[in-house]
Amino acid sequence: MSIANLVMSSMAMLGGLAVGMCALSRSKRFAADSSQPARVCFSFLSMVPAMGGFFGIAWCFMGPPFGSPEISGPPAHHRNDPSRSVYFGNGCFWHTQYDLVVLEQEVAGVFKNRSDRDVTSLVGYAGGRYQSASGTACYHGLPWTDYSKLGHAEVVSITLDAISGPIAQAQISALAKLYFEHGFATVEEGRQRLDPQDTGAEYRNAIGLPGGMDNSELWPLIAAANTFAMPLVRGTGGNQDDTEDEYVVYVYDSLQYVFFRGEASHQFHPNTVVQRAVPSSYTNDLKQVQADMGRLDSTGCADVPGEVALLIVFCFALLIGLGFAVLCGVLPVGLRFWNRLYKSSVDDDARQPV
Ligand SMILES: *[C@@H]1O[C@H](CO)[C@@H](O)[C@H](O)[C@H]1NC(C)=O
């Protein structure tokens, strides 16, 4: 979870608690008008929403979300043939996709000037160990399908013309050269992503290829392109591991750490994060061609804004706040009730003739 996300979620939680606690004066008034057994009963009942809210909050912040299965293979909604595709991630996937499309459409390039119909670059999520119960990984919104909670990073998948032989070698070399030379800027600490303002493991640098570091034909070509000597780490899957979001590159076996295509709204997107202008031939024409081909159709993800996650946190915190408001309003009276009961039985005992 990125710091900005954590701060906003915490604020939503505090807000929910605060609003819930506003019920305190009402619950005190209610307690004053109710019988003692009713107060005791309500103090026990108030634990139900409080506990529910507590587990809900834990569930919202927990990664992976409770009940998320481990990945068993490529998702049903894939469009790029997993056996011939690789992926690259270096921060926000919007600008990475543009870079790869430019390479695919380079007139004298290794992808031989791919037409808009032949472009394969697609943004998505990979590098995690988990998928949602419905077999998806989605953008931030619903906590139980959130790619970052499922351990994934933002990446871009691209399909090679072949997965071995001279064409594959030329294409992977060109991709790796572009990635290492233009995907980062040199700073004191090492090679930094172009969007250092994006923080969190979901922005970590990632490369995926069939076989990963054990691909004896293509991996050496990628390693050779690492002229700035970035640390290359064998990825073991988010979100327990692979948490460094800067300076290192995690390398995945793309057949094990499969690519989940991202939602249409993130494909061929303006490069707002790195503040780079991209032509409308990219954001409109190319996107339309790809959409018409069915490459951007539903990924099974609900199209909800990221703020919904904050609303869900708020609602669970509200339950905790309400539960505690009732408890705090009613419980002291309940305790007094029990005290009195206890005291009167002691008094009764004292009154017994010896
Ligand atoms: C490159 O592709 C574009 C669009 O598909 C096409 O119009 C153009 O003629 C191609 N250029 C070369 C040199 O093949």
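## Asp81 and Arg84

Arg84 is partly exposed, with a relative accessible area of 30%, where buried means under 20% relative accessible area, exposed means over 50% and partly exposed lies in between, using a 1.4 Å probe and protein chains only. Its salt-bridge partner is Asp81, and the closest N and O atoms of this pair are 3.8 Å apart; a salt bridge here is a side-chain nitrogen of Lys or Arg within 4 Å of a carboxyl oxygen of Asp or Glu. Asp81 is likewise classed as partly exposed, because its relative accessibility is 32%.

The model is predicted, so local features need pLDDT of at least 70 and side-chain atom pairs count only at pLDDT 80 or more, while totals for chains, interfaces and linings use all residues. Residues are numbered from 1 along each chain as its sequence is written, and side-chain values use heavy atoms, with hydrogens and water left out.

## Other salt bridges

Side chains of opposite charge can pair when their charged atoms come close. Searching the whole structure gives 13 salt bridges, including one between Asp146 and Lys149, whose closest N and O atoms are 3.8 Å apart. Asp146 is buried because its relative accessible area is 4%, and Lys149 also counts as buried, with a relative accessibility of 12%.

Asp297 forms a salt bridge with Arg261, with 3.0 Å between the closest N and O atoms. This pair links distant parts of the chain, 36 residues apart, since Asp297 sits in the loop between helix H8 (280-292) and helix H9 (307-351), whereas Arg261 belongs to strand E9 (residues 260-261); helices (H or I, at least four residues) and strands (E, at least two) are DSSP runs numbered from the N terminus. Asp297 is partly exposed at a relative accessible area of 34%, while Arg261, at 1% relative accessibility, counts as buried. Elsewhere, a network of salt bridges links Arg193, Asp195, Asp245 and Glu246.

## A nonpolar surface patch

Phe44, Met47, Met51, Phe54 and Phe55 form a nonpolar patch on the surface, and their accessible area together is about 580 Å². Patches are made of residues with over 30% relative accessible area and no salt bridge, with like charges joined within 9 Å and nonpolar side chains (Val, Leu, Ile, Met, Phe, Trp, Tyr) joined within 5 Å. The areas come from the Shrake-Rupley method with a 1.4 Å probe, and for residues only the protein chains shown count as cover.

Helix H4 (residues 47-61) supplies the largest share of the nonpolar patch, namely 4 residues. Met47 is found in helix H4, and this residue counts as partly exposed because its relative accessibility is 39%.

## Packing of helices H5 and H6

The axes of helix H5 (residues 93-104) and helix H6 (residues 166-182) come within 11 Å and cross at roughly 140°, the axes being lines fitted to C-alpha atoms, for helices over the stretch in contact, with angles that run from 0 to 180 degrees between N-to-C directions. That angle makes H5 oblique to H6, because angles under 35 degrees count as roughly parallel, over 145 as roughly antiparallel, 65 to 115 as roughly perpendicular and the rest as oblique. The crossing of H5 and H6 is right-handed; a crossing is right-handed if the near helix is turned clockwise from the far one by less than a right angle, and left-handed if anticlockwise.

## Backbone exceptions

Most residues other than glycine have a negative phi, and most peptide bonds are trans. A cis peptide bond joins Gly63 and Pro64, with omega about -5°, and Pro64 lies in the loop between H4 and strand E1 (85-89). The bond from Gly238 to Asn239 is also cis, with omega near 10°; Asn239 is placed in the loop between strand E7 (232-234) and strand E8 (249-253).

Lys112, a residue other than glycine, has a positive phi near 55° and is found in the loop between H5 and strand E2 (122-126), where Lys112 is exposed at a relative accessible area of 57%. Gln275, not a glycine either, has a positive phi of about 50°; Gln275 lies in the loop between E9 and H8 and is exposed, because its relative accessible area is 75%.

## Tyr252 and Tyr87

Tyr252 is part of strand E8 and counts as buried, with 0% relative accessibility. Between Tyr252 and Tyr87 the separation is 165 residues in sequence, and 9.2 Å in space from C-alpha to C-alpha.
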